[in-house]
Amino acid sequence: MRSQLVLDAWIEREASISRHLLRRAVDRVHPRIVFSGHRHQRVTHVLREHVRCEVLDMNGKVGNAVILDLPSLDLTELGRVS
């Protein structure tokens, strides 16, 4: 997953490490949905076939909270939650 933000090189290197660790965890656990947060953006990304990654925005911004319906794995956006 690539950031949609323009980042300094050192931040991009650190983010790349986190993305690598997330992929390793997904490859070993095989979840259907993964949540990540505080990337200063709300993004939905497909990591692998049938593995959806929901990235929540930072605290105080719209897109930082969702309600997950467990049977369907559908999300309802809550807007901004402080």
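## Close-up views of a predicted model

**View 1. Arginine 80 and its contacts.** Setting aside neighbours within four places in sequence, arginine 80 is in contact with Gly60, Lys61, Val62 and Asn64. The model is predicted. Arginine 80 sits in the segment that follows strand E5, residues 74-77. Its relative accessible area is 57%, so arginine 80 counts as exposed; the cut-off for that class is over 50%. Valine 51 is 29 residues away from arginine 80 along the chain, and 26 Å separates their C-alpha atoms.

**View 2. The open sheet of E1, E3 and E2.** An open sheet is built from 3 strands in the order E1-E3-E2, with mixed pairing. Strand E1 (33-37) and strand E2 (43-48) are the edge strands, and each pairs on one side only. On average, neighbouring strands of this sheet are turned by 25 degrees against each other, direction ignored. Strands of a sheet pair through backbone hydrogen bonds, in either the parallel or the antiparallel sense. Here E1 and E3 run parallel and are joined by 5 bridges. E2 and strand E3 (residues 51-56) also pair over 5 bridges, but in the antiparallel sense. How much of E3 is buried? Of its 6 residues, 5 are buried, so E3 is mostly covered.

**View 3. Cysteine 53 between two strands.** Which residues stand opposite cysteine 53 in E3? Histidine 45 is one of them. Valine 34 also stands opposite cysteine 53. Cysteine 53 is in contact with leucine 22 as well.

**View 4. The hairpin of E2 and E3.** The hairpin of E2 and E3 has 2 residues between the strands. Arginine 48 has valine 51, in E3, as its bridge partner. Histidine 50 takes a positive phi near 70 degrees in this hairpin. Most residues other than glycine have a negative phi.

**View 5. Helix H1 across the sheet.** Helix H1 (residues 9-29) lies across E1, E2 and E3. The helix runs at about 55 degrees to E2. Leucine 22 is part of helix H1. What does leucine 22 touch, leaving aside its neighbours within four places in sequence? Its contacts are Val34, Leu47 and Cys53. Leucine 68 is 46 residues from leucine 22 in sequence, and the two lie 20 Å apart in space, C-alpha to C-alpha.

**View 6. Two loop residues with positive phi.** Histidine 30 is placed in the loop between H1 and E1. Although histidine 30 is not a glycine, its phi is positive, at about 60 degrees. With a relative accessible area of 61%, histidine 30 is exposed. Leucine 73 is found in the loop between E4 and E5. The phi of leucine 73 is also positive, near 65 degrees, and this residue is other than glycine. Is leucine 73 buried or exposed? Leucine 73 counts as buried because its relative accessibility is 11%, and buried means under 20%.

**View 7. A nonpolar surface patch.** Ile67, Leu78 and Val81 make a nonpolar surface patch of about 240 Å². Isoleucine 67 lies in strand E4, which covers residues 66-69. The relative accessibility of isoleucine 67 is 46%, so this residue counts as partly exposed.

Notes. Residues are numbered from 1 along each chain as its sequence is written. This is a predicted model: local features need pLDDT of at least 70, side-chain atom pairs count only at pLDDT 80 or more; totals for chains, interfaces and linings use all residues. Side-chain values use heavy atoms; hydrogens and water are left out. Patches are made of residues with over 30% relative accessible area and no salt bridge: like charges are joined within 9 Å, nonpolar side chains (Val, Leu, Ile, Met, Phe, Trp, Tyr) within 5 Å. Accessible areas come from the Shrake-Rupley method with a 1.4 Å probe; for residues, only the protein chains shown count as cover. A salt bridge is a side-chain nitrogen of Lys or Arg within 4 Å of a carboxyl oxygen of Asp or Glu. Helices (H or I, at least four residues) and strands (E, at least two) are DSSP runs, numbered from the N terminus. Buried means under 20% relative accessible area, exposed over 50%, partly exposed in between (1.4 Å probe, protein chains only). Two strands pair if DSSP finds at least two bridges between them. Axes are lines fitted to C-alpha atoms, for helices over the stretch in contact, and angles run from 0 to 180 degrees between N-to-C directions. Contact means heavy atoms within 4.5 Å.
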